Amino acid sequence: MIADFRSDTITQPTEGMKEAMFSAPLGDDVFGDDPTVNALEAKVAKLFGMEAALFCASGTMANQLAIKAQTSPGTQVICADKAHVYLYEGGGIAANALATTKTIQSDSGLLKAEQIIDAINPTDDFHFPPSVLVCLENTMNKGGGVYYDFQQIKKIKAVCEENNLKLHLDGARLFNALVETSETPQDYGQVFDSISICLSKGLGCPIGSVLIGSSELIAKAKRQRKAWGGGWRQAGLLAAAGIYALDHQVERLKEDHTVAKEIGEALKGKSWVKKVYPIKTNIVIFELANSILAKDFVTVLEKQNVKCVTFGKHLVRFVTHLDLSQKQITYTKQVLGQLNF
């Protein structure tokens with residue numbers, strides 16, 4: 001038995017999802033006539049109350065398309081220093097959009113309106129690149145799955161409007177936040193100029209993300225997606241998985257959050273744990289004590305058939321997901337309880 005906590009991207013399609021995939025009507029999405037892709041895009045756009053949506057191969061592609069469509073070469077993107085768009089997307093902001101980045105330091109990765117104000121470059125000084133776009137991330141991966149107070153997001157939106165900035169949301173795990181708060185997708189659609197949601201993380205699809213925004217933005221993104229080699233043909237097979245996930249696998253995200261808290265409890269009081277980050281959703285990050293290296297810790301656990309990842313020199317990350325059985329969870333807690341380091 002192997003208990004795999006490396007990521008929520010490792011999940012396999014459920015039987016119901018497979019049935020939906022293999023019974024989906026298909027067409028050619030490059031020609032715009034795959035009915036299932038069209039249905040997914042229309043469904044997501046309606047869900048968020050936005051004009052249009054675009055089915056993409058990955059969250060990175062969706063984010064980078066949004067950034068490309070809302071910047072021009074030499075302009076500046078403002079984001080957290082822990083943001084996925086900055087750390088984990090292959091330098092795409094520079095390589096794809098030819099834009100610069102101003103990062104804001106934040107322990108949690110969640111930004112405040114006051115920090116955005118301080119980061120905006122003066123518009124009357126040509127020594128500085130024009131600030132044009134703010135990127136937020138919700139939930140925050142590097143922050144341990146924490147999520148924004150929506151009132152803070154609205155304050156950031158007001159700053160963006162006052163300074164003529166666009167606002168993008170990397171919502172790879174947005175539904176993890178939504179099931180824990182009172183906000184709706186429509187609330188987010190009213191605030192952001194663009195939103196990316198990932199279908200292949202907690203929602204359990206084999207592949208795919210969706211970019212949502214205005215019809216004009218999505219038209220630009222679709223053209224750029226083709227230029228990047230992202231046009232695909234009978235993609236309805238994958239889009240059907242997304243439709244199924246949105247219909248059947250959103251509310252169950254709360255179960256992953258419960259398991260994450262159980263793992264957090266199993267870590268408490270251990271001599272080899274210095275700190276456990278606050279656990280709000282399905283991500284558990286903890287700092288090792290006594291100068292223990294994360295890579296060594298991960299190796300020790302893997303030998304006991306528990307897989308996780310390093311998240312810094314002394315940081316380790318567990319991510320809970322729908323493919324973890326109760327037996328695997330119990331076994332993992334036993335391993336952690338008996339571990340000496």
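**Exercise 1. Find which element holds Thr36 in this predicted model, and decide whether the residue is buried or exposed.**

Solution. Start with the location: Thr36 sits in helix 2. Next, look at its accessibility. The relative accessible area of Thr36 is 7%, and the cut-off for buried is under 20%. Thr36 is therefore buried. Now list what surrounds this residue. Setting aside neighbours within four places in sequence, Thr36 is in contact with Ala24, Pro25, Gly236, Ala239, Ala240 and Ile243.

**Exercise 2. Describe how helix 2 packs with helix 11.**

Solution. Two numbers come first, since packed helices are described by the angle between their axes and the distance between those axes. For helix 2 (residues 35–48) and helix 11, the angle is about 35° and the axes are 8 Å apart. Then comes the handedness: the crossing of helix 2 past helix 11 is left-handed. Now name the residues that touch. Helix 2 contributes Thr36, Val37, Ala39, Leu40, Lys43 and Val44, while helix 11 contributes Gly236, Ala239, Ala240, Gly242, Ile243, Leu246 and Asp247. Sorted by class, this contact holds 8 nonpolar, 3 polar and 2 charged residues.

**Exercise 3. Work out the strand order of the 7-stranded sheet and find its edges.**

Solution. Reading across this open sheet, the order is 2-8-7-6-5-3-4, with mixed pairing. The edges are strand 2 (52–56) and strand 4 (100–104), each of which pairs on one side only. From one strand to the next, the twist averages 20°. Now zoom in on one pair: strand 5 (residues 131–137) and strand 6 (residues 166–171) are parallel, paired over 5 bridges. Within this pair, Cys135 stands opposite His168 of strand 6. Helix 7 (residues 150–162) packs on the sheet and touches strand 5 and strand 6, its direction making about 145° with that of strand 6.

**Exercise 4. Turn to the sheet of 4 strands: what surrounds strand 13?**

Solution. This second open sheet has the order 9-10-13-12 and antiparallel pairing. Strand 9 (273–276) and strand 12 (309–310) each have a single partner strand, so one side of each is left without a neighbour in the sheet. On one side, strand 13 (residues 315–319) is joined to strand 10 (residues 283–288) by 5 bridges; Phe286 is partnered with Val316, and Val284 stands opposite Phe318. Strand 12 is joined to strand 13 by 2 bridges, with Val309 opposite Arg317. These two strands form a hairpin with 4 residues between them, and Gly312 in the turn has a positive phi of about 155°. Helix 13 (residues 294–303) lies across strand 10, strand 12 and strand 13, at about 40° to strand 13. Finally, check burial: 5 of the 5 residues of strand 13 are buried, so this strand is largely enclosed by the rest of the structure. Leu315, Arg317 and Val319 point one way, and Val316 and Phe318 the other.

Methods. Residues are numbered from 1 along each chain as its sequence is written. This is a predicted model: local features need pLDDT of at least 70, side-chain atom pairs count only at pLDDT 80 or more; totals for chains, interfaces and linings use all residues. Side-chain values use heavy atoms; hydrogens and water are left out. Axes are lines fitted to C-alpha atoms, for helices over the stretch in contact, and angles run from 0 to 180 degrees between N-to-C directions. A crossing is left-handed if the near helix is turned anticlockwise from the far one by less than a right angle, and right-handed if clockwise. Contact means heavy atoms within 4.5 Å. Ala, Val, Leu, Ile, Met, Phe, Trp, Tyr, Cys and Pro count as nonpolar, Asp, Glu, Lys and Arg as charged, and the others, Gly among them, as polar. Two strands pair if DSSP finds at least two bridges between them. Buried means under 20% relative accessible area, exposed over 50%, partly exposed in between (1.4 Å probe, protein chains only).
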